[in-house]
2 protein chains.
Amino acid sequence: MLSVGLIGYGHWGPNLLRNLVAHPAFHVAAVADPSAARRLASREAGHDGALYEDGAALIRDHACLDAVVIASPVSTHYDLARATLERGAHVLVEKPLCTRSSEGEALVALARRQNRVLMVDHTLLFTGPGDAIRQLVRQGRLGRITYCEGQRLNLGLFQPDVNVLWDLAPHDLSLLTELQDELPVRVDAVGQCHVNPGVPDIVHASLRFASGWTAHFHWSWMSPEKVRRLVIGGSDRMLVWDDLASDGRLKLYDRGIAVPGSAKAGTMIRPAYRTGGWEALPMAEGEALARLVDHFAAVIESNADSVADGARGLRVVKLLEQIQFALDRSAATTKKPS
Amino acid sequence: MLSVGLIGYGHWGPNLLRNLVAHPAFHVAAVADPSAARRLASREAGHDGALYEDGAALIRDHACLDAVVIASPVSTHYDLARATLERGAHVLVEKPLCTRSSEGEALVALARRQNRVLMVDHTLLFTGPGDAIRQLVRQGRLGRITYCEGQRLNLGLFQPDVNVLWDLAPHDLSLLTELQDELPVRVDAVGQCHVNPGVPDIVHASLRFASGWTAHFHWSWMSPEKVRRLVIGGSDRMLVWDDLASDGRLKLYDRGIAVPGSAKAGTMIRPAYRTGGWEALPMAEGEALARLVDHFAAVIESNADSVADGARGLRVVKLLEQIQFALDRSAATTKKPS
C-alpha cells in the first residue's frame, strides 16, 4: 500500500482524489488545499487522511508519504515537486509539469538522482483515442507522417494567469511528442486577446520539424462550438480524430497521394489518388484518469517506463516555451494601434 | 439581347455556357477553346455560335459582341480582359481576376474609362450561405466582428501552375472583403509541399487588420476529409457556416463573452458568458452561378453596382499577393535541410 498525499482540491483535484481513493494500491494519507471549504469537501470522497492548508507543510510534516500528487496552480508545481523528490517520495504533477524548461530539467535530473518516479498527468495519452493513436503510430500504420493538424476550441473558462496556450496546448503537445521526438526547427505563432489584454484567448501555431513535416494547432476560448479534432497525414494512411463525431470518433482513412517518380517544380504532376474508404477504430472504454492512476502505481511498484514521465513532461514545456516565444515576437509587431 | 462570347470550355466553362444559353438576356455568339473536342462538346449545350480555337481571335474578329466571359487559365485573364474592354465589350472573368494587382488596377481603370462592366466570377457570394452571410453582416447582426476562421480542405485536384492558395483562397477572400474593407497590416503564412516541390498544397495564413481583428485560413489539397467551414466571431453573435453539416449549414449562435468594465492585464477577469442557443438560418435555393449570370445581365442593362465588380476582384488579388509574399518569405527560412 502506497501512502499518498494530494495537494490541490480545486478543479481537477476531486477527480484525482476519487481515483486515488478507489485504487487498491493507494492509501490517501493527506490532502492539502488553502480553502477550508474545499478541504472539508475532500472528505466526501471518503478519505480519512490528514488535512493541510499548505502543500509545502504537507510534504514537510506528514510522515511516511510514498508519493505526492500535485494539482495546485502551475506556478507552484516546481517548488512542490522538488520538495517531494528531495524528501524521497514519488510525484505525479498535473500538466503542464512547470512553467520553465530549466525547472523541468532540474526536476528530471533530481528524480533520476533520487531514483524516484516523476510523472505528469497527460491524461490524453490514457484516453481511448490517445492510446489508439499511440499504437497506430508505433505500429507504423500511417506510413511516413507528413503533417498534423489540431483544433481544440470552445467558449472557454478564462483563467487569470494562464493563457489559452498553456491551458489547452499541453493535451495536444503530449500527443505530438508521440509522433515526433525532435523539437521544431521553426515555430510561428499568432494570438489574439478578446478578454484580457495580456492573455491571448485565441492562438494559432505552426511548427516545422527538421524532417520537413509540419504541425499546426488552433487553440481558442472564443469559439461558439466545441471542436476537438486532430488530423494526422501519413504516406500510407490518414487519421482523423473528431471527439464529437457521431459516426466514429477515430477514423483511419485509406487515402493519400502517391507521387510517381521524382516530382520537379513546374512540371505537370499527375499524382495517383488513393480515395479508399475508412474504418472506425475501436477504442478502450473507461475513465482515462483511472488508467493513469493505475499506471502511476505500476510504475512505482515495478519501476516500469512511463509514457508520461518527466522527460515527456519536459518536452511539452519546451514546446510551450517555443510557441510562447513566437507569440511574444509576433505580438511585439502586431500591437493594436492606439 | 446581349451577344456574348465564351473563352475557355474546360473545367468551369460548361457551367457558364449552360447558364448563358438558358438566360433570356444572352445570346451565345461564339465559343473559343484550344481543344477541338471541347469546342465540339460545347455544341451539346445547345448554342449555335461560332467556334474559335483562339480566345484573342474571338475578341478581335467576331463582330457585334456585347460581352465576353473568360474561363481560360488565370495567366491569360489579363490580356483577354484588356482586349475585350478595349474593343468596348463588357467582361466577366473567372476568379481570380488576374495574377498581379498592377494588372488588376489597369483593368479596373480601363473598365471605368470605357464605361463597361468588369465583373469577376466570385460565385461564393451568390450561394445561399454567401448571400446570407453578406446580409447578416450588412445588417450588423453580429455586432462588432472580431475574428474570422476559415477552412477549405479536401483531397484536392492538383493543378500544375497554381498552388492551393490561388486555387482555393479566392472563394474565402471574396467573402472576407465583405467583412473587412481594409487590407491587412500584417500577414503571416506557412506552406507545405507534398507533391510538387515548388507548389504548396497546404497553406495556413494569418491576417491582422488595423482595427485589431484577425482572420485565419487553412487551405489544403491533402485532407482525407472534405471541410468547408467558416466561423465569424462578433461581439453580439457568432456565426458558423459548415457546408457539410447535416443539422443546418449556417448557424447563428447567441454566444459570446461580455467583459465587464475595462479589463487590465494580469487582473482576474470574470467575463459574463452568453451561452444561448442557435438558429439555423434560411438560405436561398437554386444554382449560385445562375444567379451570378443573371446579376451580370442586370448590371450591364441597368448599370447597377455589382458585389463582384472589378474593384472587389482586385482586392482579392491584393490579398492573394500579400499571402503569397508571406509564404515566399517563410519558405526562404524553412527550406528542408538537404
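Two strands pair if DSSP finds at least two bridges between them. Keep that in mind as you go through these views of a predicted model.

**View 1. Six strands of chain A line up in one open sheet.** Read across the sheet and you meet the strands in the order 3-2-1-4-5-6, with parallel pairing. The edges belong to strand 3 (50–52) and strand 6 (118–121) of chain A, each of which pairs on one side only. On average, neighbouring strands of this sheet are turned by 25° against each other, with direction ignored.

**View 2. Strand 1 and strand 4 of chain A run side by side.** Strand 1 (residues 2–7) and strand 4 (residues 67–70) of chain A are parallel, and four bridges join them. Which residue stands opposite Ile7(A) in strand 4 of chain A? Look for Ile70(A), which takes that place. Helix 8 (residues 288–302) of chain A packs on this sheet, where it touches strand 1, strand 2 (26–32), strand 4, strand 5 (90–94) and strand 6 of chain A. The direction of helix 8 makes about 175° with that of strand 6 of chain A.

**View 3. Here is chain A as a whole, with nine helices and 14 strands.** The radius of gyration of chain A is 22 Å, close to the 20 Å that the globule rule gives for 338 residues, so chain A is as compact as a globular protein of that length. Along its principal axes, the C-alpha trace of chain A spans about 75 × 55 × 40 Å. How much of chain A is buried? Of its 338 residues, 58% count as buried. Now think about contacts in chain A between residues at least 6 apart in sequence: 67% of these join residues at least 24 apart. As for the surface, chain A exposes about 13,800 Å², and carbon and sulfur atoms supply 50% of that area.

**View 4. Chain B has an open sheet of six strands too.** The order in chain B is 3-2-1-4-5-6, and the pairing is parallel. Strand 3 (50–52) and strand 6 of chain B are the edge strands, each pairing on one side only. Between neighbouring strands of this sheet the average turn is 25°, direction ignored.

**View 5. Two helices of chain B meet the strands.** Let us start with the strands themselves: strand 4 (residues 67–70) and strand 5 of chain B run parallel, joined by four bridges. Within this pair, Val68(B) has Val91(B) of strand 5 as its bridge partner. Helix 1 (residues 13–22) of chain B packs on the sheet and touches strand 1 (2–7), strand 2 (26–32), strand 4, strand 5 and strand 6 of chain B. The directions of helix 1 and strand 2 of chain B make an angle of about 150°. Helix 4 (residues 77–86) of chain B lies across strand 1, strand 4 and strand 5 of chain B, and runs at about 170° to strand 5.

View 6. Strand 5 (residues 90–94) of chain B pairs with strand 6 in the parallel sense over four bridges, and Val93(B) has Val120(B) as its bridge partner. To get from strand 5 to strand 6 of chain B, the chain passes through helix 5 (residues 101–114), and this β-α-β crossover is right-handed.

**View 7. Zoom in on a cis peptide bond in each chain.** In chain A, the peptide bond from Lys95(A) to Pro96(A) is cis, with omega near -10°. You will find Pro96(A) in the loop between strand 5 and helix 5 (101–114) of chain A. In chain B, the bond from Lys95(B) to Pro96(B) is cis, with omega near -10°. Pro96(B) sits in the loop between strand 5 and helix 5 of chain B.

**View 8. Two asparagines of chain B have positive phi values.** Phi of Asn115(B) is near 55°, a positive value in a residue other than glycine. Asn115(B) lies in the loop between helix 5 and strand 6 of chain B. Why does Asn115(B) count as exposed? Its relative accessibility is 54%, and exposed means over 50%. Asn303(B) has phi near 55° and belongs to the loop between helix 8 (288–302) and helix 9 (310–332) of chain B. With a relative accessible area of 58%, Asn303(B) is exposed.

Terms used. Residues numbered from 1 in each chain as written. Chains lettered and ligands numbered in written order. Predicted model: local features only at pLDDT ≥ 70, side-chain atom pairs only at ≥ 80, totals over all residues. Heavy atoms only, no water. Right-handed = clockwise from strand over helix to strand, strands pointing away. Rg over C-alpha atoms; globule rule 2.2 N^0.38 Å. Buried < 20%, exposed > 50% of the residue type's maximum accessible area, 1.4 Å probe, protein only. Contact = heavy atoms within 4.5 Å. Areas by Shrake-Rupley, 256 points an atom, 1.4 Å probe, with all protein chains shown as cover. Axes fitted to C-alpha atoms, helices over the stretch in contact; angles between N-to-C directions.
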